[in-house]
Amino acid sequence: ALTAGAAPDTLASASTVPPPVPGFPIGWCIRAKPEAFADAKSAGFEYVELALQDVLSLSDADFGKLVARLQELHLTALSGYNAIPKEANLSLVGPTVDKKREEQHIRLLLIRAASLKLRYIILNSGGAWRVPDKFPREQAFTQLAEFSRHFADEADRAGIVVLIEPLRSSDTNMITTIAEALSLVETVNRPNFQMMVDYSFLRIQKDDLNGLLKVGS
């Protein structure tokens, strides 16, 4: 037990990093900043999950430095989140969908994800699939499924799995439950398009835990 008011050195010596458990690495979801990588490494994390808005906004030269820093630290970037940041100003559903811009975004995203050797890309950019007022919800779902199918097909060529994440109702108005996310996975019907459940979001949404049983494998 730690003693209240103990000196920092005492606290540091009393804290130990548990040994790795094969098959269950412990990672840190962080902003993609070189200074954060050193913190992750020194803290003993086995991998990092990167904020893709930081990755996509970099020049080619600065992106190269980012990759080099990870390699220098021997730190694995396993996954990336926020595949379509709000800065991209890209709507996946609604009357203003732009297929050409979608294609350009996917191309850059996957080139950089492959350079980082990511295994997973988390599709959790709910603002990009917020259904506009008076726009048919069924049509919006179809649009999102079409994008997801194409994204998964392109990601498969790089050996990357795309993970859809059910979000909070404050983030978006579609794919906010496990059931909705499962419906999208089944509609897309690609082996590398799967689902990731954020436990905190599950609790905030008061989602049905029985929905996890229906997911199976």
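This is a predicted model: local features need pLDDT of at least 70, side-chain atom pairs count only at pLDDT 80 or more; totals for chains, interfaces and linings use all residues.
Let's start with the strands. Six of them form an open sheet in the order S1-S2-S3-S4-S5-S6, and the pairing is parallel. Strand S1 (27-30) and strand S6 (193-195) are the edges, each pairing on one side only. From one strand to the next, the twist averages 25 degrees.

| Strand pair | Bridges | Direction | A facing pair of residues |
|---|---|---|---|
| S1 and S2 | 4 bridges | parallel | Gly 27 opposite Tyr 47 in S2 |
| S2 and S3 | 5 bridges | parallel | Leu 50 with Gly 80 in S3 |

S2 covers residues 47-51, and S3 covers residues 76-81. How much of S2 is buried? The strand is mostly covered, with 5 of its 5 residues buried. Tyr 47, Glu 49 and Ala 51 point one way from S2, while Val 48 and Leu 50 point the other way, and all are buried. A charged residue, Glu 49, is therefore among the buried residues of this strand.

**Helix H6, between sheet and helix**

Helix H6 packs on the sheet, where it touches strand S4 (120-123), strand S5 (161-164) and S6. The direction of H6 makes about 170 degrees with that of S4.

H6 also has a helical neighbour. The axes of H6 (residues 137-157) and H7 (residues 178-188) come within 9 Å and cross at roughly 55 degrees. The two helices are therefore oblique to each other, and H6 passes H7 in a right-handed crossing. On the H6 side, the contact is made by Arg 137, Phe 141, Leu 144, Ala 145, Ser 148 and Arg 149. H7 contributes Glu 180, Ser 183, Leu 184, Thr 187 and Val 188. Sorted by class, this contact has 5 nonpolar, 3 polar and 3 charged residues.

One more residue is worth a visit: Arg 112, found in helix H5 (residues 99-115). Is Arg 112 buried or exposed? Its relative accessibility is 5%, and buried means under 20%, so Arg 112 counts as buried. Which residues is Arg 112 in contact with, leaving aside its neighbours within four places in sequence? They are Val 55, Leu 56, Leu 58, Ser 59, Asp 60 and Phe 63.

Definitions and conventions: Residues are numbered from 1 along each chain as its sequence is written. Side-chain values use heavy atoms; hydrogens and water are left out. Axes are lines fitted to C-alpha atoms, for helices over the stretch in contact, and angles run from 0 to 180 degrees between N-to-C directions. Angles under 35 degrees count as roughly parallel, over 145 as roughly antiparallel, 65 to 115 as roughly perpendicular and the rest as oblique. A crossing is left-handed if the near helix is turned anticlockwise from the far one by less than a right angle, and right-handed if clockwise. Contact means heavy atoms within 4.5 Å. Two strands pair if DSSP finds at least two bridges between them. Buried means under 20% relative accessible area, exposed over 50%, partly exposed in between (1.4 Å probe, protein chains only).
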